[in-house]
Amino acid sequence: MRRFPFLAYLGPGLLYAGAAVGVSHLVQSTRAGAVYGYGLLFVVLFANLIKYPFFVVGTKYTIITGKSLLDGYEALGRLPIWIFFFISVGTMCIIVATVTLVTSGLFSNLLGISMEPWLLCAIILIFCFLLLAIGKFAALDGLMKWIVVLLTVSTIVAMVLSFYAGIPKLETAGKTFSIGDLGDVAFLIALMGWMPIPIEAAVWQSDWTLAKKTPDGKLPPMKYAMIDFNIGYIGTTLLAVCFLALGANMMYNTGAEFSSQAVSFASELVRLYTSAIGSWSYPIILIAAFFTMFSTTLTCFDAYPRVVSNASRRLFKPLEKIPTEKLYWYWIILVGVGSILILLFFRTNMKSLVDFATTVSFLNAPVLALIHHLILFGKEIPRDQRPKPWMNLLSWFGILFLFGFSIYYINITFF
């Protein structure tokens, strides 16, 4: 431990990785490779690069000020808090419903059961509720880190072996991306929407960093906090590339397509691994994929009510009289019921729900990105502790790109 002192501070970055390696990786990155081959590889790398400043603020702001990122929102005025509140409330049920639907597909394959997707999702959310209620999340979280490691190793192995799988390809050229094709642009937006995770997750990162306080109230040193964050961020970026490569090597230009149904998609996803590694790996991959998605579901189901209850207490004075823990349970019930109602509406079409959720997140991203930039380079951060000039340029470039591409997408879609 003395040779590697940063190991004692690992935690928030791994939690971030556990939350990020979900729909954006297992579903969207793999679909990108299967449909467009390596045509969107640059997009995956680009999305992670330009969003880096908007996530790192969750760690930097908290280590420097000792406060939650929501305090940074509030320091800019009430408007940013209102924006965060409305975006979070408007998307939390959609996001929880989406990750739960993917989880249910893997769960159905794991147990070999056939059940209405919305009902199976309801059972999973009730189990998550009970798990959080009895306080077993911490124990499960420790297990999740090993599960994510297992899936990571399996994905890397499958990706390497997929180059030698010898999958028959069609003689005709595969599909290529076109910026003038509405369907292609819609998928691009959906791919980038949760790549690597919705931007509001920076607030979760901030709260996880605060949780690393020592008993005497000290936060991790900036050096080690940044190592932890970068391990999680860079690791999830590389994993997204692995999933894209796996889809490209095993499905692109083969005539095969992913199903839009959660159960069928889950089965097809796991078969990508087994086709490269061997049929013996099917149960191992299925279990790892399920627990990875279950971790994402549990994290989102817990995180959104926590940050929304925190924001709502800052906005509505009558809520200050309600104990924090009680308000959290009110919100978690609302998220659970709202998610199930959304699943009833979308029924079994996982593809439509995933694309809708990720597109909404992409369109919200420019506003949150601007707020995070103002916090990262704001008056609460001393000048000597602000990021380097290149980070400032990258941040502004990311904001302009996100605003510009959102406007372009809205224009070609509705006008």
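These legends accompany close-up views of a predicted model.

Figure 1. A disulfide is a covalent bond between the sulfur atoms of two cysteines. The count here is 0 disulfides. Take C121 as the example: its closest cysteine sulfur belongs to C128, at 10 Å. The cut-off is 2.5 Å, so that separation is too far for a bond. C121 is buried, at 0% relative accessible area. C242 is also buried, at 8%.

**Figure 2. A stacked pair, W82 and F86.** A pair of aromatic rings is described by the distance of the centres and the angle of the planes. The structure holds 28 aromatic pairs. One of them joins W82 and F86, which are stacked. Their ring centres are 5.5 Å apart, with 20 degrees between the planes. Both residues lie in helix α5, residues 78-111. They are 4 residues apart, about one turn of the helix. W82 is partly exposed, with a relative accessible area of 25%. F86 counts as exposed, at 54%.

**Figure 3. An edge-to-face pair, W204 and W208.** The ring centres of W204 and W208 are 6.3 Å apart. Their planes stand at 70 degrees, which makes the pair edge-to-face. Both tryptophans sit in helix α9, residues 201-210. They are 4 residues apart, about one helical turn. Both W204 and W208 are buried.

**Figure 4. The cis peptide bond at P196.** Most residues other than glycine have a negative phi, and most peptide bonds are trans. The bond joining M195 and P196 is cis, with omega about 5 degrees. P196 is located in the loop between α8 (182-193) and α9.

**Figure 5. Positive phi at N253.** N253 is not a glycine, yet its phi is positive, about 60 degrees. Its place is the loop between α10 (222-251) and α11 (262-277). N253 is buried, with a relative accessible area of 17%.

**Figure 6. Helix α15 and what covers it.** Helix α15 runs over residues 389-414, 26 residues in total. At 1.5 Å a residue the helix should span 38 Å. The buried residues of α15 include M391, L394, G398, I399 and L402. F405, S406 and Y409 are also among them. The cover over the buried residues of α15 includes α3 (41-65), α8 and α14 (350-376).

**Figure 7. An aromatic cluster with seven named members: F42, F46, F362, F397, F401, F405 and Y408.** These residues form one aromatic cluster.

**Figure 8. The bend in helix α3.** The 25 residues of α3 should span 36 Å at 1.5 Å a residue. The end C-alpha atoms are 37 Å apart, which agrees. The helix bends by about 50 degrees at Y52. A proline, P53, follows within four residues. Of the 25 residues of α3, 19 are buried, so the helix is largely enclosed by the rest of the structure. Just after α3, G66 takes a positive phi of about 75 degrees.

**Figure 9. A charge over a ring, R306 and Y328.** The charged end of R306 sits over the ring of Y328. The distance to the ring centre is 4.3 Å.

**Figure 10. The surroundings of K351.** K351 lies in helix α14. The lysine is partly exposed, with a relative accessible area of 39%. Beyond its neighbours within four places in sequence, K351 is in contact with R31 and S260. Y252 and K351 are 99 residues apart in sequence. In space they are 18 Å apart, C-alpha to C-alpha.

**Figure 11. The surroundings of T274.** T274 is placed in helix α11. The residue is buried, with a relative accessible area of 12%. Leaving aside neighbours within four places in sequence, T274 is in contact with S279, S281 and Y282.

Note on methods
Residues are numbered from 1 along each chain as its sequence is written. This is a predicted model: local features need pLDDT of at least 70, side-chain atom pairs count only at pLDDT 80 or more; totals for chains, interfaces and linings use all residues. Side-chain values use heavy atoms; hydrogens and water are left out. Buried means under 20% relative accessible area, exposed over 50%, partly exposed in between (1.4 Å probe, protein chains only). Rings of Phe, Tyr and Trp (its six-membered ring) pair if their centres lie within 6.5 Å; planes under 30 degrees apart count as stacked, over 60 as edge-to-face and the rest as tilted. Helices (H or I, at least four residues) and strands (E, at least two) are DSSP runs, numbered from the N terminus. A charge sits over a ring if NZ of Lys or CZ of Arg is within 6 Å of the ring centre and within 35 degrees of the ring normal. The expected span of a helix is 1.5 Å times one less than its number of residues. Contact means heavy atoms within 4.5 Å. The bend at a residue is the angle between axes fitted to the seven residues ending there and the seven starting there.
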